[in-house]
Structures are given as structure tokens and as C-alpha cells.
Amino acid sequence: MLVLVTGGTGAVGREVVKGLRAAGHQARVLSRKPGESEDWVQGDIATGAGLELAVKDADAIVHAASDATHPRRYQATDVLGTRRLLAMAREAGVRHVVYVSIVGIEDVGYPYYKGKIAAEAVMRENLVPWSILRATQFHTLMEIFLDYMSKLPWLATVPFAWQFQPVDPTEVAARLVQVVTAEPVGMLPNFGGPEVRDLKSLATSWLRIRNPDKRLVNLPLPFAFSRQFAAGRLLCPENRDGTITFEQYLARRYPATT
Ligand SMILES: NC(=O)c1ccc[n+]([C@@H]2O[C@H](COP(=O)([O-])OP(=O)(O)OC[C@H]3O[C@@H](n4cnc5c(N)ncnc54)[C@H](OP(=O)(O)O)[C@@H]3O)[C@@H](O)[C@H]2O)c1
């Protein structure tokens, strides 16, 4: 089948593309950047550019495009962009759209998560038959957080108590490939990583490989979302679907240093 992957250049999307192709399907990437291959459409869900071409003849869509780094664009990209994509997909006769969402978003007062809740509501309007897979935080995101928290010379300042259940994007992608090539099912069970970890222990493993000279320091943050992260609101310990730990991910990513 022909599957459009929005966000096909991102952490999970590029693994979905690989997985679909390995399984003998055709995967078309939507990206704001110019094409790197034949199955590539340059476009933007926030403006609608390229979307008509992107959805043409597609049987299904994995919708993993999202702009988590620009708070002013959550609404335009994640919410209105999702509605625009679904409207075009409906016109084109797409039979199934799978949306990638996040575990626990109702329970954390974080602006990006409000956008995810609103985007899920757009999916439920049923413009196109749908499935939603909520996952816990990816290993790649843990690295983005830890890199950002290690900018000071000699120090890594990390909220020690934040709790995550990090999951490997390759394992989430494998699940998405199964889901998108099957019938729409609505809300799927949460997909979680193998271990519940506090950020102190993740930071310790990461620093050992990336910045062994930096000192790890606790940084309690006086925000509601920080307390909610620490209280484990983003976890689904009953769903330990992934098998790859953060340390195994680091060993794969930095083979020379482990
Ligand atoms: N990261 C996590 O820990 C995590 C956990 C659970 C669920 N999720 C969800 O999974 C999805 C993918 O996350 P990710 O971490 O893989 O993403 P990512 O690495 O940040 O990549 C974001 C993707 O979105 C695309 N994109 C952004 N704005 C766009 C626009 N206006 N039009 C078209 N494409 C656009 C980017 O493509 P170009 O830059 O090539 O245009 C890129 O491929 C998101 O919905 C996220 O909320 C993420």
C-alpha cells in the first residue's frame, strides 16, 4: 500500500518510512525541505502547501508532523494543520489516518500538550477513519532535554525528580507500521518504554558518554508541569511495550564511546 508519512524526516517518522519500505510498502515523505528521493513531497501542513500532491493516491497516512519547538506554531501546525490534512485526505479518499500522540497529556499543564489534546479531538471528528497511538517520551527527546540542560560550562543542571518511561523510536515506529497497515481502531492502548526512570539516572548515563567532565546538579523548577512530571503523570508502567533501554540506545548511537 501507499502510505504518506507526515513528519517522515523526524525521530519516529523516518523509522516508520524505513519500516514500511522494508515490509514492501510504498512510503511517501512530506517535509518542508526539498526532496531527497522520488517518494518525497515538499509541503507544509501549517500553510497547506503541497498537501494535495502529498495525499494523492495514498491509501493511509501516518501523521507524525508536529512543531514542538515553536510554541507560537502549535495551533497552526498541530491543530489547524491536522484538520487541513484530514480534509485533504478525505477528499482524496484516504482510508485510514494514524496520529502519534503522547501518554498522559490531560494530566500535565504544558502548552504543547494542549495542542496535542486539541489535535486528537480533530482526529475524533472522523473526517477520515482513524487510529491514535499515544507513546511515552522517545530516547531522542531525552537527549534533546539533557543537551539543553548541559549548556553551562562544567555543569549539567537537571530536575532530578522528573520521571519518564523513555522508549525507542524504532519500537514505536514498528507499532505504527502494524497499525497503519491494518484497519482503523480508534484509540489504541498506550505504548511505553521498558523502564520508569528519574531524570537523574538518565542524565548520569548520558553524561558518562557525552560529557564525562560535567558535574550533575539538581535543578528543582517551580512550575506545575515540573511537579506533574515528578509525580509520574507521563508514565504508563502497566504498558512496558518497548524493550530497548536508554543505555542500549546510547550504546547503539555512540558505539565508539560505550
Ligand atoms: N518526541 C517524543 O518524545 C514523542 C513522544 C510521544 C509522541 N510524540 C509525537 O510523535 C510525533 C513525532 O515526534 P518526533 O519527536 O518524531 O518529531 P520530530 O523529530 O520533532 O520531527 C518533527 C517532524 O515534523 C515535521 N514538521 C514540523 N512542522 C511541519 C509543518 N508545518 N509541515 C510539515 N511537516 C512539519 C518535521 O519535518 P521537516 O522539518 O522535514 O519539515 C519533522 O519531520 C509528534 O506528534 C509528537 O508529539 C513524540
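I started at F229, which is buried, with a relative accessible area of 1%. For the notebook, buried is under 20% relative accessible area, exposed is over 50% and partly exposed is in between, with a 1.4 Å probe and protein chains only. W162 is buried too, at 6%. These two residues form an aromatic pair, edge-to-face, with 4.8 Å from centre to centre and 85° between the planes. My rule for pairs: the ring centres of Phe, Tyr and Trp (its six-membered ring) lie within 6.5 Å, and planes under 30 degrees apart are stacked, over 60 edge-to-face, the rest tilted. W162 sits in the loop between strand 7 (155–158) and strand 8 (163–164) and F229 in helix 8 (residues 224–230), so the pair ties together parts that are 67 residues apart in sequence. Helices (H or I, at least four residues) and strands (E, at least two) are DSSP runs, numbered from the N terminus.

I counted 14 aromatic pairs by this rule. One aromatic cluster takes in Y74, Y110, Y112, Y113, F145, W162, F164, F223, F225 and F229.

**Ground rules.** I am working on a predicted model, where local features need pLDDT of at least 70 and side-chain atom pairs count only at pLDDT 80 or more, while totals for chains, interfaces and linings use all residues. Residues are numbered from 1 along each chain as its sequence is written, and side-chain values use heavy atoms, with hydrogens and water left out.

**Ligand.** Which residues come nearest to the ligand? Of the 25 around it, they are T9, S31, D44, Y112 and K116; "around" means that a heavy atom of the residue lies within 4 Å. I then checked polar contacts (N or O pairs within 3.5 Å). A polar side-chain atom of S31 is 2.6 Å from a ligand oxygen, and for R32 the distance to a ligand oxygen is 2.8 Å. Y112, also in the aromatic cluster, has a side-chain N or O atom 2.6 Å from an oxygen of the ligand. On its own the ligand exposes 900 Å², and the protein buries 87% of that; these areas come from the Shrake-Rupley method with a 1.4 Å probe.

Strand 5 (96–102) and helix 4 (111–124) are the elements that give two or more residues to the shell. Strand 5 has the largest share, three residues.

**A54.** This residue is in helix 2 (residues 51–55). A54 is buried, with a relative accessible area of 0%. Beyond its neighbours within four places in sequence, A54 contacts L4, R28, L30 and V41, a contact being heavy atoms within 4.5 Å.

Most residues other than glycine have a negative phi. D57 lies in the loop between helix 2 and strand 4 (60–63) and counts as exposed at 56% relative accessibility. N126 has a positive phi as well, about 70°. I found N126 in the loop between helix 4 and strand 6 (130–135), partly exposed at 44%.

Notes:
A polar contact is a pair of N or O atoms within 3.5 Å; within protein, one must be able to donate a hydrogen and the other to accept it, and residues adjacent in sequence count only if both atoms are side-chain atoms.
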